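Trainee: I've got the model open and a few things I'd like to go through with you. Shall we start?

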Amino acid sequence: MVLNSPRGTSDFYGKELEYRNFIIEKSKRLFERFSYQQIVTPAFEHTEVFSRSIGEATDIVQKEMYSFRDKKQRSLTLRPEGTAGVVRAVVENKMYADLPLKLFYEGNMFRYERPQKGRMREFFQIGAEAIGSDDPLMDTEMIWLINDLFSELGFKDLVLLINSMGCEECRKDYMEEFKAYLVQRLEKLCPECKKRYDQNPLRIFDCKNQACRVEAEASPKISEHLCKQCYQHFEKITQNLNLLAISFEVDHSLVRGFDYYTRTVFEVISRQLESAQNALGGGGRYDKLVGQFGGPDIPAIGFAIGTDRTSLLMQQLGIKPLRPKRARSVYLVSMDQKFSSFLVKLLKFFRKEFKCDTNFNKKNLSTEIKWAEKNDYDFVAIIGEEEFKNLMVTIKDIRKFKQHTFSWENEKDKILALLRGN
RNA sequence: GUGAGAAUAGCUCAGCUGGUAGAGCACAGGAUUGUGGUUCCUGGGGCCGCGGGUUCGAAUCCCGUUUCUCACCCCA
């Protein structure tokens, strides 16, 4: 094999695709009910769209972006996440005439990482953004959406984590206190976290290193140092969630990997997923991002879920996608190529109303019937020597083990009645 | 970017300390010259991931490489 798909990518077809499409369909219907509209943005953007919004110091920007130069030497990047592109589009198209603007998107995302189960270089996300409101009800709605999305897919034991990272003001005060606390304990932290101390101290909360964890646990939490407004904002959200009977855990060490988050952050994780990648989705508020992109200084919040991990967990837990009710189906078997003129007419007739395929290659009737049964067809229609000569067609009901031969000229109505099940 | 394991038929895998490539399932043909689960018989299929090395001889040992898997890192 000379050519294979690039590292960290894969082809989606059959069962895999059925799961993904099921997740997409379910979310679209949910977004519709919450009054969100779809937006499609480019799969690549100018590199600065991501580097400036996600943050120069983040891992994603530092080492995970698929960046390239086009023929005019512009630096472009395949999107590593959806929010930056959506915000860029909102600002560029001045879509903020009527706020809040509620949008959803779906699409493939790209991050240059070492692939493993549940983490591919190309992966698929579904997300939503609500731009132009800082009402805690909007935060509630976002969390409500992500929660309902998973429960409608059939999940029961997922964990919803929420936290507040504070606004610019309370974060500034807090950072001073946090760094003052940590500066005496720098020795105990891992080399990586020592770097973080300078560049992005909050990420220390994310470190899996035991020693760092201990320090992080003991250190002051931002959620305990919120300003009055932020505190009340967060309080309101938890009250709302309780009213909605959505269960959650407040996780004081939940901080997320993008710099643009302010105030509310949340994440849905599974404690059952058989891999290290347990985050199925997450999001948060980004009140400064629209302004950063040159738009008005308006608040916003959003989330995204990964369909691949979601599908993985569904399969692991035995949650099946419900198939939409399909049309009745006929497998049309012609015993000889010379019947093709008749075959074409019948195909046209059946395909007006039913799922219908024919045997292009095979010719043994018994294997054709077996094949039709295995592939879940309702009927087999047979054209053989006799039928062709007399312009007849034999139709077999696979489940009832019954068959009948009809005249093509005079009994079309009977054929239809049989196939429709009347 | 760091560390570990794997790659053999369409799929799941066996193949011993080097000696001509195997099974099950699937597919195809037949027993049944045009009729369905089961059974039986028969058959097609493989650059043993790719490249190099050691050897009289490599699927097997060594090196490189690509991809996959797992754990870090990080995230969806």
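Trainee: How far is a phosphate oxygen of RNA strand B from an N or O atom in the side chain of Q116?

Mentor: Keep in mind that this is a predicted model. A polar contact needs a pair of N or O atoms within 3.5 Å. The pair made by the side chain of Q116 and a phosphate oxygen of RNA strand B meets that, at 2.9 Å.

Trainee: Which residue's side chain has an N or O atom 2.9 Å from a sugar or linking oxygen of RNA strand B?

Mentor: This one is about a sugar or linking oxygen of the RNA, and the protein side is a side-chain N or O atom. The residue is Q125.

Trainee: Over to T358. Is it buried or exposed?

Mentor: T358 sits in strand 13, residues 355–358. Its side chain reaches the backbone oxygen of L332 at 2.8 Å and makes a polar contact with the side chain of N359 at 3.4 Å. Beyond its neighbours within four places in sequence, T358 is in contact with Y331, L332, L343 and L347. The cut-off for buried is under 20% relative accessible area, so at 4% T358 counts as buried.

Trainee: In what sense do strand 7 and strand 8 pair?

Mentor: Strand 7 covers residues 158–164, and six of its seven residues are buried. With strand 9 it pairs in the antiparallel sense over seven bridges, and N163 stands opposite V265 there. On strand 8, the bridge partner of I162 is V250. Over two bridges, strand 7 and strand 8 pair in the sense called parallel.

Trainee: Why is helix 5 described as largely enclosed by the rest of the structure?

Mentor: Helix 5 runs over residues 136–153 and reaches 26 Å from its first C-alpha to its last, close to the 26 Å expected. Just after the helix, G154 takes a positive phi of about 115 degrees. Helix 5 is largely enclosed because, of its 18 residues, the number buried is 13.

Trainee: Which peptide bond is cis, with omega near 0 degrees?

Mentor: Most peptide bonds are trans. Here, look in the loop between helix 4 and strand 5, where P100 lies. The cis bond runs from L99 to P100.

Trainee: Last one: is A245 buried or exposed?

Mentor: A245 has a positive phi of about 60 degrees although it is not a glycine, and its place is the loop between helix 9 and strand 8. R263 in strand 9 has a positive phi too, about 50 degrees, and at 12% relative accessibility R263 counts as buried. For A245 the relative accessibility is 69%, so A245 counts as exposed.

Notes. Residues numbered from 1 in each chain as written. Chains lettered and ligands numbered in written order. Predicted model: local features only at pLDDT ≥ 70, side-chain atom pairs only at ≥ 80, totals over all residues. Heavy atoms only, no water. Helix = DSSP H or I, 4+ residues; strand = E, 2+ residues; numbered from the N terminus. Buried < 20%, exposed > 50% of the residue type's maximum accessible area, 1.4 Å probe, protein only. Polar contact = N/O pair within 3.5 Å; in protein donor to acceptor, adjacent residues only side chain to side chain. Contact = heavy atoms within 4.5 Å. Pairing = 2+ DSSP bridges. Expected span 1.5 Å × (residues − 1).
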